[in-house]
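I opened the notebook to record what I looked up. The entries follow the order in which I checked things.

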Amino acid sequence: MNLQLVLVALGVLAAGGFAALVAGRRGRLALALGTAGAVAGSALGLVAAGAQLASGGAVAARAGWRPPLGSLTVGLDPLSSFFLVAVFLVAALAAVYGAGYLRAHLEAGGRRIGAAVAAFNLLVAAMAGVVIARDGVLFLAAWEVMTIASWVLVTFEDEHESVQRAGLIYLVASQLGVVALFLLFALLRRGAPGFEFAQLAAAGPPAPGLAAVCFGLALVGFGAKAGFWPLHVWLPDAHPAAPSHVSALMSGVMIKMGIYGLLRTLLLLGPPPVWWGALVVGIGAVSGLAGVLYALAQHDLKRLLAYHSIENVGIIALGVGIGLLGQSRGDAMVAFLGYAGALLHVLNHGLFKGLLFQGAGAVLQATGVRALDALGGLARRMPVTALAFLAGSVAIAGLPPLNGFVSEWLIFAGAFRGGAALAGGAGLAAAAVVPALALIGGLAVACFVKVYGVVFLGTPRTGAPGRAREVGAAMRVPMVLAAALCLLLGVLPVVAVGVVAPAAREVAGLAAAPAGLGGSLAAVTAVGAALVAVVALLVLVRAGLLRRRPAPAAPVWACGYVGVTPRMQYTAASFAEPVLAPFGPLMHRTVHALRPATFFPAAASYEEHVGDVAGERLLAPAARRVLGVFARLRILQQGRIQLYLAYVLITLLVLLTWQIGLAGR
Amino acid sequence: MSAPAVALHLVLLLLAPPLVLGIAVKVKAWLAGRRGAPLLQPYHDLRKLLGKGTVRGEGTTWVFAAGPLVGLAAVLVAGLLVPLAGGAAPLGFAGDVIAFAALLSLGRFFTMAAALDTGSSFEGMGASREAAFGAFTEPGLFLVLALICLPARSAGLAQAWAARPAGVAWLAHPLYLLAAVVLFVVLLAENARIPIDDPATHLELTMVHEVMVLDHGGPDLAFVLYGEAVKLFVIAALLVHLLLPVPPGGWAGAVALLAGEAAVAGLVGVVEGSVARLRLPRVPGFLIGAAALAAVGVAVLFARGRP
């Protein structure tokens, strides 16, 4: 029943998208139809997936018609249901926001709104398709539709050259990842009658060597989508290029499809050895650290948020790594804590990153500016956006009482317990998560203080933020809703863990959630409640003390200097400098500085560009080497027809000999 | 926890911290050959500030006022997670060390945000340095917590102290001494003391923590100063429990804690009076070095077999 409802939801999504495409040039109508389809479909899907998750069971269905190679088999189990909840929740919020966001685009004379709306709905439906597919071929088909739909959205503003470039890199990176996935499914298929997951599972786990190869292919193929370092290079270009509600959807849930694929593959690969867990922990630590460091170095708001997606995928990988380590040593609690933390972080990151990208979109729409150092003082002009963005910032920094803290707490708890309980290298790998996640968390706090402070606090640095106006209700409501959900999951971790527990149990292969966690979750609630209560109490105390006492406004202290201008405020670049300085060798920074000279300096300027080490030092040289090899192959291509005819002849002869040889056997 | 134990915990947490700060200042003054302010001076300062009006920085938002409030609330709740007079803590649980560290970060987040709200470049500078030092302190703090918790097989402080060898712990278990050294560095960093920062400096350009709260006045400043005292007290309580046997619960525990707190405060004063402050670019190396020391400790735990 729930599965059928999800399929109906996909139909509603597709119908909305199709209607928008037909409405085409009548932009307002197209936007309304598409949004209605997206919201209705997502709401229906959310209810159905939620009901299925609550029931805890698994269902599957197969269509009568079989496409070549595969079958149209779909299903819902706790893992799928959980990811569906995340997809539909973030999609519904993004769709409402998109209606408001794209209206401004229409009013500015924008075009092709129908295609953008249709692609949005198609993207949501394709993600749901990836999650419910129970057949390798169907899975890959949905995967490709997802990639293409998102590519259409990334290149929506293709009048900018940078957007074209981002779209191309995105497409190439995605297709390279898919090559690994094709290989993966071809290897998994060995010994099974078809590509259906049930058949693959029935054939039993592959031999250890083959399983390791499959695991490596899954890490590459799914890691390229998820944004694991160093396969993330497409992400910081593609996500900011898309319209903001699409960035929210892509960063919030689409990259998590990589995590879903990895977990789904793990279910087929049998019990993991210790080194898988250690490897995923290592990937998570590097991705997390690289993501947050590069985020700190960014000057563009949306690009910064995109790098934070890499950081958060790294945190999710740390959780998955803990889960694998626990599983490999048969420790149910460690496995559960790791997987539950990773899955909860998937949902949490969907909520707060969606919220933050929407906030960035609101700032972009109100000011037309993405450069951090041109903003400032928006909290007074856009109070609702500022409050929601603050909630998102505290949440993404992993601080109580918001939801980011709960998922990071689960991962930390798994790391502490794993370090103490797991024998040998597994314990050491689990313990290594503790300082890695601590450093990532500390840097994330620095980064989000920087973002929130530079964009929303202080005084406007240029005219644009000084003239900004709060965005419309269609954009404010989804942000406030997301912030409220962040708070709810943060103060009620019992609910949050309840949502992820069935899926975590499925991945960890546990019949029941390990006992003994309830007390800690209740205690986290108590900490959140105590925090809120003490703040409320202090607010009352302060109000009581200040009653009938003066609280005048006065200029802030500037050491007696009176010629202060807004441009003298600390910028994002200067804020991040002391944090980044010790990491100098890891960053690829080029600085063009015109230093003030003589006693009466006339001009001075400072320009800084941070390149991505993975892209510029690792992937680009590797690509050049590959191209070099291919260039050598060009010797075959002489442009003479006789030579090509000779190639044909040789090929035919070889094939003929081969056939004769086969027949002779 | 029984009601009297909770009451004793609250009394200690709410009333003792300014005294500890007073001891540190006094010892520092002695080393400099001065008589120093009375031990109870911090209480007088707080009373005076609470009786005043406040000044709102021009152009600031509610975040400016929220900085001191959230900063104080965060360390107070953190204080509810840490065992004080031995035994358990009112809100302690298996996993409280993580919440403890996150609460310290939360307080820092809002203090820095309030500083940036003023739009003053001095305050921005302070927030930037605090952000850097905070980020580099975090791994050290967590590694110390791991060093304390791994042998106890629980991420809860009460359980960790219960599993600690009886008596003067570090004699039986030298890794506790290592943890204590790193924890002391973390304490100095978290509380903006020499050699990381200087709470007594009068030059804005060299300030880190102080410059972030320059524009707060009256009750807001009182909240800031009280929050600093509570933070010192709470982290020092960790150090005391790590090194000394604190009898669980009751007056004996309270006396042992206060004696230990006084010793830690004295040590802070001695460091302040005898060591010069590090140059700013050297601080990250100092903090990361401390974290590396703790990492070595954790590695030794594993090298000796099961932690």
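What radius of gyration would a compact globule with 307 residues have, and what does chain B have? I found that a compact globule with 307 residues would have a radius of gyration near 19 Å, and chain B agrees because it has 19 Å. The radius is taken over C-alpha atoms, and the globule rule is 2.2 Å times the number of residues to the power 0.38.

Before going on I noted that this is a predicted model, where local features need pLDDT of at least 70, side-chain atom pairs count only at pLDDT 80 or more, and totals for chains, interfaces and linings use all residues. Residues are numbered from 1 along each chain as its sequence is written, while chains are lettered from A and ligands numbered from 1 in the order in which they are written.

Entry: chain B. I read a C-alpha trace that spans about 60 × 45 × 40 Å along its principal axes. Chain B has 13 helices and one strand; helices (H or I, at least four residues) and strands (E, at least two) are DSSP runs, numbered from the N terminus. Of its 307 residues, 64% count as buried, meaning that 20 or more other C-beta atoms, placed from the backbone, lie within 10 Å of a residue's own.

Entry: the contact between the chains. I looked up both sides and found 69 residues from chain A and 68 residues from chain B. Two residues are in contact if their C-beta atoms, placed from the backbone, lie within 7 Å. On the side of chain A, the elements that each supply at least two residues include α17 (403-421), α18 (424-456) and α22 (518-546). I also checked the pairing of β3(A) with strand β1 (residues 56-57) of chain B, which is parallel over two bridges; strands pair if DSSP finds at least two bridges between them. A:A554 stands opposite B:G57 there.

Entry: α18(A). I see 31 of its 33 residues buried. From first C-alpha to last, α18(A) reaches 48 Å, close to the 48 Å expected at 1.5 Å a residue; the expected span is 1.5 Å times one less than the number of residues. Just after α18(A), A:G458 takes a positive phi of about 75°.

Entry: two helices of chain A. I found α12 (residues 274-297) and α23 (residues 572-580) packed at an angle of about 145°, with axes 8 Å apart. Axes are lines fitted to C-alpha atoms over the stretch in contact, and angles run from 0 to 180 degrees between N-to-C directions. A:L293, A:L296 and A:A297 of α12(A) meet A:A576, A:V579 and A:L580 of α23(A).

Methods: A residue is buried if 20 or more other C-beta atoms lie within 10 Å of its own, exposed if 12 or fewer, and partly exposed in between; C-beta atoms are placed from the backbone.
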